[in-house]
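Hello,

Please find the structure we talked about below. My notes come after it.

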Amino acid sequence: MSATAVHSLWTTAAEPISKIDAPKIEYGQLAPTLIIVGAAIVGILVEAFVPRKSRYYVQMFVSVVAIAAAFAAVVALAADGYGTTKAHIAAMGAIAVDGPALFLQGTILLAALVGLFTFAERRLDPVVHGNRVDSFAAQAASVPGSESEKAAVKAGFTTTEVFPLLLFAVAGMLIFPAANDLLTLFVALEVFSLPLYLLCALARRKRLMSQEAAVKYFLLGAFASAFTLFGIALLYGYAGSMSYATIAQVVEGTVQDVNPALAGTMGNDALLLVGAALLVMGLLFKVGAVPFHMWTPDVYQGAPTPVTGFMAAATKVAAFGALLRVLYVVLPGLRWDWRPVMWAVAIITMLGGAIVAITQTDIKRLLAYSSIAHAGFILAGVIATTPDGVSSVLFYLAAYSFVTIGAFAVVTLVRDAGGEATHLSKWAGLGRRSPLVAAVFAVFLLAFAGIPLTSGFAGKFAVFKAAAEGGAAPLVVVGVISSAIAAFFYIRVIVLMFFSEPRPEGPTVAVPSPLTMTAIGVGVAVTLVLGVAPQYFLDLAGQAGVFVR
């Protein structure tokens, strides 16, 4: 066949291309995320152009202003009715602007602001060579213990890149629970995971342990991302679309226009079941549910404590938001298949987290297993599949995130010559040495245990009530038993602090700057306010509990 014949084939077979439509983006409704991304990019430019001495203050200013502005934008959208009557799908079907998205975005931004204060703390370590230092490595690229590291410490360098990294992580987290198609979900997952992998490796003390934590997190996170991506590919093959709404229609059998190229595989249940399983598996990894929790204790222990606190709070909020949206918007027609599996995951997560926590001797590992048990409690609300289930999960996430950041902020204060004293034996008698710090930590532990008049009790009560009404009463029984087991190790720490003799060579409690005091103060305030008068916030979560489809 001659070249001209082939050319004529091409030209006749191709349809005439009509005008390509410009994308229609509602910038106002995406403002919270756009503000954070813009500030993160400004932060990178600050690293490149601002003199080293002023970077810390400039980065701090940019980050605080950006997070506050983004939170104001979320409140403005909610006040304008985008959480209720005006809820819709923005950015050409990519992002949902609705109650759960705005509520979770607001929670993530407030948690990020409180977390940012712990990042910026510079009064806990002793002054090195006349310079104040923070929790992060002097020069992240230098090998631990090398001459270049010593030179960087001597010169008083600080890693101010942590601020833009934090902002990029927050940007991904804002999109993650609001994503309305699978590709946006995956991009958001990567955008917030990659900065967290880096942040975990940046501890100033115990650098090798910190780098080990980051490598473990990265390798296991990459596995989980691969599972997620494979699940997304299978779901695309099943439904012929990445859009949540279209996949839900194909699952329910109400789809109208079928793509002829995909008609062969559309409606193939094997693709649906395996794809949904892999996608949910990736989300359960981020949540830290058993059996996908292997990374949690090591990463929480090795990462710099401010990063651990931020990650424990904000990642859980974002991941549970995405999990709720996938199960309630994409797979409600598959409920009979995913509920039994979620039952099993919730039960082993509650019991596994609570039982293994009893054996821990490191305070950060203990809090890590505690966070695994809490993931199980929150899953009980997810399983309820009722509007109350959604609102109880939203409330629990908001309550839990501030307690967590506050608890990890207290951990940064208890120090000995090697930095933070995280071994439990060193906390003996802390209540006699510094009663205020021990009392504050006791409040956080009681909230984790779910003792009445704390936010933990209000959250657990809401989640268990929703689960019981949704037909999951046996799950509530397991939850109450797990709570009782968990209360044992929380109260053991309180007994250790107040009823043991302080050791003569025990740790000291550093006096923090107003930044960490604010973080801890906000944690205590939220814990008590949500515990004593939770109704307003439960109503707020109730109004925000309806997903747009």
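First, the ground rules. This is a predicted model, in which local features need pLDDT of at least 70, side-chain atom pairs count only at pLDDT 80 or more, and totals for chains, interfaces and linings use all residues. Residues are numbered from 1 along each chain as its sequence is written, and side-chain values use heavy atoms, with hydrogens and water left out.

**Pockets**

The largest pocket has a volume of about 680 Å³. A pocket here is an open set of points on a 1 Å grid over the protein atoms alone, where a 1.4 Å probe fits, with protein on both sides within 12 Å along at least five of seven lines; lining residues have an atom within 4 Å of a point. The volume is the space filled by probe spheres set on the points, which are joined across faces, edges and corners.

There are 27 lining residues, and F71, F103, G106, T107 and L540 are the closest to the centre. Two or more residues each come from α3 (52–79), α4 (99–119), α15 (387–413), α20 (514–532) and α21 (535–543). Helices are DSSP runs of H or I, at least four residues, and strands are runs of E, at least two, numbered from the N terminus. α4 gives the most, with eight residues. By type, the lining has 20 nonpolar, seven polar and no charged residues. Nonpolar means Ala, Val, Leu, Ile, Met, Phe, Trp, Tyr, Cys and Pro; charged means Asp, Glu, Lys and Arg; the others, Gly among them, are polar.

The second largest pocket holds about 440 Å³. Of its 19 lining residues, K53, Y56, Y57, R122 and R132 are the closest to the centre. α3 gives the most to this lining, with five residues.

**Helix α12**

α12 runs over residues 305–330. 26 of the 26 residues are buried, so α12 is largely enclosed by the rest of the structure.

**M92**

M92 sits in the loop between β1 (88–90) and β2 (95–97). M92 counts as exposed because its relative accessibility is 58%. The cut-offs are under 20% for buried and over 50% for exposed, with partly exposed in between (1.4 Å probe, protein chains only). Beyond its neighbours within four places in sequence, M92 is in contact (heavy atoms within 4.5 Å) with P23 and K24.

Best wishes

Note on methods: Expected span 1.5 Å × (residues − 1).
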